[in-house]
Amino acid sequence: MLKNLLTQKENPKIWVISDTHLIANELHDKGWAFQKMQNTSVGKDLHYQQKALLAFTRKVLKEKPDVVVVTGDITFNGERLSMQRFAEIFAPLKRHGIKLLVLPGNHDIYDGWARKFKDDVQYRTDQVSPQDFKEIFYDSSYRYAAREDGSSLAYSVNLSPRYRLILADSNIYPMEYSLTHPHTHGQIDDEELAFIESQIIEAESNHQHVLFFMHHNLYRHNAVIYHNFVLDNASQVKRLFNKYNVQAVFSGHIHAQSIKKKLIAQLMK
């Protein structure tokens, strides 16, 4: 019998969002230091995220997908208050039976750039540990895990009798408070890969299709901008997916919408 089955629907509806980069309003005063950060944040909107996410939440409640998956970079730079605010904004989904499944991005865990802004000064603010991440999103995400990886924040979810979701942790981050910038590049280490393979095998034994989610990209989605966006060990992951015929991968990180289609025979390239 499948553990923690989310729905019995034959064709459940999944919405995917990524890279919301929320900074809680309480962490800035719209002063000079914050405006300077906004002006150098490579296209990120830091002023209206809370309003945008509240509007998105209302749309979710109206359209009623079964699951919303967030593929990382939930916060601007790993501020704990921003992470908590994100969870608060999406809390109404649970009351309506809609699941919110999250995974971290490279800006979310022990990011040394976590700041609050007042007047013309930046101040360090509380960062998010791996345990914080699990605790903040336990009720919305990890409580529904069929299996959890002991070496990372990866987990799997039985969405329905037909589908198993694998939410991977492709990020490189320290395991303690950080004073340095976050790593842009990412990889999935051997221990997590073993967990992922075990979940694919388990899904096959239950006649489930695997839908795979991570923050970093498996393929180049831009001919020019791809360095540090594509997974460092993408070829290793491709070989694993080729072995088990995993056909759908969802990611974020690059801040652009793009769909890549590859024939299974091309996966080894």
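Predicted model: local features only at pLDDT ≥ 70, side-chain atom pairs only at ≥ 80, totals over all residues.
Setting aside neighbours within four places in sequence, His 185 is in contact with Ile 172, His 216, Asn 228 and Asp 232. Take Asp 232 from that list: its side chain and the side chain of His 185 are joined by a polar contact of 2.6 Å. Ile 172 is another partner to look at. Along the sequence, Ile 172 and His 185 are 13 residues apart, and in space their C-alpha atoms are 7.4 Å apart.

Where does His 185 sit? You'll find His 185 in the loop between strand S8 (163-167) and helix H5 (190-205).

Rolling a probe the size of a water molecule over the atoms shows where empty space is left. The largest pocket has a volume of about 1100 Å³. It is lined by 35 residues, and the closest to its centre are His 221, Val 249, Phe 250, Ser 251 and Ser 258. Strand S1 (14-17), helix H6 (234-244) and strand S10 (248-250) each give two or more residues to this lining, with S10 giving the most, three residues. Sorted by class, the lining has 15 nonpolar, 13 polar and seven charged residues.

The second largest pocket has a volume of about 480 Å³. Of its 24 lining residues, Val 42, Lys 44, His 107, Phe 229 and His 255 are the closest to the centre. Here the lining splits into nine nonpolar, twelve polar and three charged residues.

Technical notes:
Residues numbered from 1 in each chain as written. Heavy atoms only, no water. Helix = DSSP H or I, 4+ residues; strand = E, 2+ residues; numbered from the N terminus. Contact = heavy atoms within 4.5 Å. Polar contact = N/O pair within 3.5 Å; in protein donor to acceptor, adjacent residues only side chain to side chain. 1 Å grid on protein atoms, 1.4 Å probe; cavity = no way out; pocket = protein on both sides within 12 Å on 5 of 7 lines; lining within 4 Å. Points joined across faces, edges and corners; volume = space filled by probe spheres on them. Nonpolar A, V, L, I, M, F, W, Y, C, P; charged D, E, K, R; others polar.
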